[in-house]
Amino acid sequence: HSGAIYRSTDGGSSWALTQTVSPGYVIHRFHAPSAGTLWGATGFSDPALASGVFLYESTDEGATWSQKHTVVASDGVAYHTALLHSLSGSEFLLAHYGVGGLFTSRGVRRGVQSSPSSVAWSLVASLTSFYNVLQASSGDLLAGFGELTTLTGGTVHRSTDRGASWADESAISKRGNVH
């Protein structure tokens, strides 16, 4: 039940295994936080074996990977990555949802990297899992959130403090998710 990262250097005609990840996981999201750096974040394939989110990093265009950061669920719920977004070279957002307590374990965490091996995580939005984030010309961040448990649809959230806090900015009722 392990996931893996494959790499193609010929436009997808052939693929080679570069990394096998921990049992119970798959690489669910890829992200390029800066030039020359790639991140892969885990989702779960077997929730009984998963216990958090792992971020793998490559600095050689995906040829080799190392485990970079870990976000462990304090409530024992396995996380599944929904979004990775860079705020700067040392700050990023990770949105997730859980399994077991699926609807109570959704959240957005903000990571601040103080050294290559140290990231401070803070929960900046709970019961919410963003699917997309963009920066408006004002500098504010806008995020789309998909509602899984009701028919009221998704919402749009705004942050005016670089992702440290979020407010629901939805002014219309709608159905469906905001991606």
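**View 1. Strand S4 is mostly covered.** Of the eight residues in S4 (residues 37-44), seven are buried, meaning under 20% relative accessible area, with exposed over 50% and partly exposed in between (1.4 Å probe, protein chains only). Strands here are DSSP runs of E, at least two residues, numbered from the N terminus. The model is predicted: local features need pLDDT of at least 70, side-chain atom pairs count only at pLDDT 80 or more, and totals for chains, interfaces and linings use all residues. Residues are numbered from 1 along each chain as its sequence is written, and side-chain values use heavy atoms, with hydrogens and water left out.

**View 2. S3 and S4 form a hairpin.** Strand S3 (residues 25-34) runs antiparallel to S4, joined by seven bridges; two strands pair if DSSP finds at least two bridges between them. His31 has Trp39 of S4 as its bridge partner. Two residues lie between the strands. Gly36 takes a positive phi near 85° in this hairpin.

**View 3. S4 also joins strand S5.** S5 (residues 53-58) and S4 run antiparallel, with four bridges. Leu38 stands opposite Ser58 of S5.

**View 4. Ser86 meets His31.** Ser86 lies in strand S7 (residues 78-86). Ser86 is buried, at a relative accessible area of 19%. Its side chain makes a polar contact with the His31 side chain, at 3.0 Å. Such a contact is a pair of N or O atoms within 3.5 Å; within protein, one must be able to donate a hydrogen and the other to accept it, and residues adjacent in sequence count only if both atoms are side-chain atoms. Leaving aside neighbours within four places in sequence, Ser86 is in contact (heavy atoms within 4.5 Å) with His31, Pro33, Glu91 and Phe92.
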